[in-house]
Amino acid sequence: MTSLLFSLYLILVAVWLIFSVIVVVFALRHHFFSVTNWVMIGLYAIISLQIFTVTASSLKKYTQSSTLLPFAKERTYEYHLTK
Amino acid sequence: MSIISPSEVTLLKLRRHPIVFLWDIAVLLFLLILPVVIVFFINNTNAVQLPDDGITPVIIILGASIYYLYITLFIFYEFFIFFLDRWIVTNQHIIDIEQKTVFNRVVAKLELERVQDVTAETKGFMQTLFNYGDVYIQTAGERERFVFKDVPAPQFVADIIIKTLDTIQKKD
């Protein structure tokens, strides 16, 4: 089930990537030397990378803990040291 | 090849007012905030009990990731459409560059000499508050009207076009 979900995720990411490349290429095609264009493309790249980073770290957290919604709920840990 | 010839002087480069772009993406901005509100609601109330089956968090994480990727894509797509949709006024021509979608771009060029009438229109609360509106350019050609939609300071734009038109007519 998890591998199926990951496959579906990767397909949707691939489609997203194709559309992103189309949008960026068409934006640069007409205004290649526009600073605003490059700033917006840079911002888009940073936000996209940030989404992937958060996704990866959330999944990593989940695999280390069985808590539900690991990215949403703040957890507190108590350590009891025994003598 | 450039749309503007070297002998032309660019007087105005116009885009729609930024507030119109913000209004266009208001739904997307709302969708951007919506999951945060839902997560906050789930965290602070016991109204929804998520099943502890192990697969639910994976679905939520991957779903949220895809959701945000596509919302961001749509926002940036809207921005580039807004950015490429523009009007240019030179001392000889009016150029209307209309970017409807990625693969639908219309560039229309009109000689200033053919302009018969210029009208600036500001209507409604938002247009009055942020000083933007439409400029209608009446011509004698096949395309009866050129419309500068939601441009900032429409009265100023109309004045510039009329003054340039006067200068051309005096030269002739």
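These notebook entries record what I looked up in the predicted model of chains A and B.

**Conventions.** I number residues from 1 along each chain as its sequence is written, letter chains from A and number ligands from 1 in the order in which they are written. The model is predicted, and local features need pLDDT of at least 70, side-chain atom pairs count only at pLDDT 80 or more, and totals for chains, interfaces and linings use all residues.

**Entry 1: chain A.** I looked up the secondary structure of chain A and found two helices and zero strands. Helices (H or I, at least four residues) and strands (E, at least two) are DSSP runs, numbered from the N terminus. Buried residues make up 7% of the 83 residues in chain A. A residue is buried if 20 or more other C-beta atoms lie within 10 Å of its own, exposed if 12 or fewer, and partly exposed in between, with C-beta atoms placed from the backbone.

**Entry 2: contacts between the chains.** I found 30 residues of chain A in contact with 26 residues of chain B; two residues are in contact if their C-beta atoms, placed from the backbone, lie within 7 Å. On the side of chain A that touches chain B, the elements giving two or more residues are helix H1 (2-30) and helix H2 (35-64) of chain A. H1(A) gives the most, with 12 residues. That side divides into 21 nonpolar, eight polar and one charged residue. Here Ala, Val, Leu, Ile, Met, Phe, Trp, Tyr, Cys and Pro count as nonpolar, Asp, Glu, Lys and Arg as charged, and the others, Gly among them, as polar.

**Entry 3: Ser48(A).** I located Ser48(A) in helix H2 of chain A. Ser48(A) counts as partly exposed because it has 19 C-beta neighbours inside 10 Å. Leaving aside its neighbours within four places in sequence, Ser48(A) is in contact with Leu69(B) and Thr72(B).

**Entry 4: a sheet in chain B.** I traced an open sheet of three strands in chain B, in the order S5-S6-S7 with antiparallel pairing. Two strands pair if DSSP finds at least two bridges between them. Strands S5 (115-121) and S7 (145-152) of chain B stand at the edges with a single partner strand each, so one side of each is left without a neighbour in the sheet. The twist averages 15° from one strand to the next. S5(B) and strand S6 (residues 132-139) of chain B pair over six bridges, and Asp117(B) stands opposite Gln138(B) in S6(B). Helix H5 (residues 154-171) of chain B lies across S5, S6 and S7 of chain B, at about 165° to S5(B); axes are lines fitted to C-alpha atoms, for helices over the stretch in contact, and angles run from 0 to 180 degrees between N-to-C directions.

**Entry 5: nonpolar cores.** A nonpolar core is a set of buried Ala, Val, Leu, Ile, Met, Phe, Trp, Tyr and Cys residues joined through C-beta atoms within 7 Å. The largest has 16 residues, and those touching the most other members include Val118(B), Val135(B) and Phe148(B). Strand S2 (86-90), S5, S6, S7 and H5 of chain B each supply at least two residues of this core. A second, separate core of eight residues includes Ala27(A), Tyr44(A), Phe76(B) and Phe79(B).

**Entry 6: the S3-S4 hairpin.** I noted that a hairpin joins S3(B) to S4(B) through two residues. Strand S3 (residues 93-101) of chain B and S4(B) pair in the antiparallel sense over eight bridges. Of the eight residues of strand S4 (residues 104-111) of chain B, zero are buried, so S4(B) lies largely in the open.
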